[in-house]
Amino acid sequence: MKKKAAWMIGAMLCAGCLWGCGDNTQPTTETTQEMTTTEATTESTTTEATTTEATTTEATEAATRDASEAAASTTLPISEAIDMIFASGAGAWSTELKLNPDGSFSGSYHDSEMGESGDDYPNGSIYVATFTGQFSNIKKVNDYTYSMTLSNVNVEEKEEKIEDGVRYVPSDVYGISGGETFYFYTKDAPVAELSQDFLSWRSGVTSEEQQKSDTLAGYGLYNEKDGDGFFTYE
């Protein structure tokens, strides 16, 4: 009986130990809160990453648009070369310019001074410049104005010479040489918004009809530093 009683007591103790060591995996309230916090943090991080990615994409697209617009503004709003003239309408001088869409140009300047004569040149003197050059850094300012910088101007004539009793004297390009910033105006440029220095040269080149228009009614080129103006005759 004692052995049987001892065996029963032992069995009961083993059962108690097994019960005490059983599956106890039910999450506590604290554990549940930690899991919820972790999930919320993960969701927040994912949202932030998505937002950052979207912002980066928008910035990249904006930069691409700006680059495209800048590239589109590297040429003037003309499909082919145009002929422009700088003259006062008085005196035997003028600068004639052929301007290309990419800002390159060529032309000639002459100023006849028949009173400047000598034994070797009884027919007077002519100041001349046959030239080529380039405007660069072309930028669109508004719907009718483009700014650009004079990069270079090269004059072909290097030495004075006498031919047929006329002295030819190499000259700078009046209206171009010495300039820095130039403005190109389209035909729609409102006259009321343009410089009076620039407009004062219109009468030497443009028609009366152009001069009566509220818009430029032709293309214009303005040498801001010297106040000189080139125009197309329409």
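**Briefing: confidence, core and ring pairs**

**Confidence**
- Residues 1-25 also have pLDDT under 50 and zero contacts beyond four places in sequence.
- Where pLDDT is low, predicted coordinates should not be read in detail.

**Nonpolar core**
- The largest nonpolar core has 38 residues, among which Phe135 and Phe184 touch the most other members.
- Beyond four places in sequence, the contacts of Phe184 include Leu76, Ile82, Leu99, Tyr146, Met148 and Leu221.

**Aromatic pairs**
- The whole structure holds 14 aromatic pairs.
- Phe105 and Phe135 form a tilted pair, because their ring centres are 4.8 Å apart and their planes lie at 35°.
- Phe105 belongs to strand E3 (residues 104-113) and Phe135 to strand E4 (residues 125-142), so this pair ties together parts 30 residues apart in sequence.
- Phe105 is buried at 3% relative accessibility, and Phe135 is buried at 1%.
- The rings of Tyr109 and Tyr174 have centres 6.2 Å apart and planes at 75°, so they pair edge-to-face.
- Tyr109 is in strand E3 and Tyr174 in the loop between E7 and strand E8 (181-185), 65 residues apart.
- Tyr109 is buried at 8% relative accessible area, whereas Tyr174 is partly exposed at 36%.
- Tyr109 and Tyr174 belong to a cluster linked by ring pairs, together with Phe86, Trp93, Trp201 and Phe230.

**Arg167**
- Arg167 sits in strand E7 (residues 166-170) and counts as buried at 14% relative accessibility.
- The Arg167 side chain makes a polar contact with the Ser125 side chain at 3.0 Å.

Key: Residues numbered from 1 in each chain as written. Predicted model: local features only at pLDDT ≥ 70, side-chain atom pairs only at ≥ 80, totals over all residues. Heavy atoms only, no water. Core = buried A, V, L, I, M, F, W, Y, C linked by side-chain atoms within 4.5 Å. Buried < 20%, exposed > 50% of the residue type's maximum accessible area, 1.4 Å probe, protein only. Contact = heavy atoms within 4.5 Å. pLDDT = per-residue confidence, 0-100. Helix = DSSP H or I, 4+ residues; strand = E, 2+ residues; numbered from the N terminus. Polar contact = N/O pair within 3.5 Å; in protein donor to acceptor, adjacent residues only side chain to side chain. Phe/Tyr/Trp six-rings, centres within 6.5 Å; stacked < 30°, edge-to-face > 60°.
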